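Subject: Structure for you to look at

Hello,

Here is the structure I said I would pass on. Please open it alongside the notes below.

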Amino acid sequence: PANQAQPSFEWSAATGHLGLFGMVGSGAATALSTCVLATASLAAPEEVHIYALDFGGSLHALAELPHVGAVVAAHETERLVRCLEHLAAEIDRRRSLGAAERADQPRVLVAIDDLPAGLREIEVELGTEVAASLKRILRDGAPLGIAVAFTADRLGAVSMGVSGSVSTKLVFRHAEPGDYAALGLRARDLPEMVPGRAVHADSGLLVQVADVDDPGALVAAIGARVAGRSAVTGDRAVAIGVLPAAVPMAAVVDRVRPGEPIELPLGVGAADLGVEVLSLRRGEHLLVAGQAHSGVSTSLRSLARLVKQASPRTVLIGVADRD
């Protein structure tokens, strides 16, 4: 203060996770969006992979960033589970690498809007095992280059275990003045906590987080810049999709393999959205089971066509009590 200095405030994902604590309207959610946009502005999509869990509903505008593998809304339970499974598998994969090879891996940023609400919803709707996957990312991710930036409505909203994994805490305006006591501060000692203003928990310094006037325009500008690059090296973030309700035969039919056993592509699998293939050996039987109008007859006809395609000399005999 004596020098009237206002240096820039920076968070480095290499130091650990970032916690943004503040009530609705305090600027914490906006700060999370700024964090993601700043990361995407400073790094190529091959250098940083971004995944957003949008329990608070403030991150949907980031979905078009070329760095983003997924922006998962609270109601998208299938994508949420798949995203957490992907991140957990990435932790296991990186642990198996040597130190030098691990250092060459792209950084991963997981942005979570309203982490406490997300954990509660996951435990109720999906079970404690799925919630444990998210907690594991918070516990084990940072040393492996997987950093988490999240919002919570107040300092006490996350457990001590989660809070202990956060290296940088910014405390925005809280609804209850007494909540600042965890930092050794009294509300009356603070200046007006306008939106975007926070206290850095470690130093006690005030921070005013940058605000992006038009996030959509910046997302478009980043996308245009990436599209204009002549050379691209490395892999981008894995897109987290959903299991389609309908799969055309043309999408899988080229996976048919004749011989012994016959390889028959059945459709798309839920685990990785890849083509699922059935190996059928000579003399083996196959049961397709399900209630009426569930797709069993259609599946049986498709399999018959695939068998005939793979082995034209096969004799097909249809036995049915109806068409």
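This is a predicted model: local features need pLDDT of at least 70, side-chain atom pairs count only at pLDDT 80 or more; totals for chains, interfaces and linings use all residues.

Nonpolar cores. The largest one has 39 residues, and the members that touch the most others are Leu53, Ile112, Leu115 and Phe150. At least two residues of this core come from each of the strands β2 (48-54), β3 (68-73), β4 (107-113), β5 (146-152) and β6 (166-171), and likewise from each of the helices α2 (77-95), α4 (115-125) and α5 (128-140). As background, nonpolar side chains in soluble globular proteins tend to be buried together.

Which residues does Leu115 contact, leaving aside neighbours within four places in sequence? They are Leu134, Leu138, Phe150, Thr151, Val158 and Val162.

Strand β1. This strand spans residues 17-21, and it is largely enclosed by the rest of the structure because 5 of its 5 residues are buried. His17, Gly19 and Phe21 point one way from β1, while Leu18 and Leu20 point the other way; the residues of both sets are buried.

As for its pairing, β1 runs parallel to β6, with 5 bridges between them, and His17 has Val166 of β6 as its bridge partner. β1 also pairs with β5, again in the parallel sense, over 4 bridges. There, Phe21 is bridged to Ala152 of β5.

Regards

Conventions: Residues are numbered from 1 along each chain as its sequence is written. Side-chain values use heavy atoms; hydrogens and water are left out. A nonpolar core is a set of buried Ala, Val, Leu, Ile, Met, Phe, Trp, Tyr and Cys residues joined through side-chain atoms within 4.5 Å. Buried means under 20% relative accessible area, exposed over 50%, partly exposed in between (1.4 Å probe, protein chains only). Contact means heavy atoms within 4.5 Å. Two strands pair if DSSP finds at least two bridges between them.
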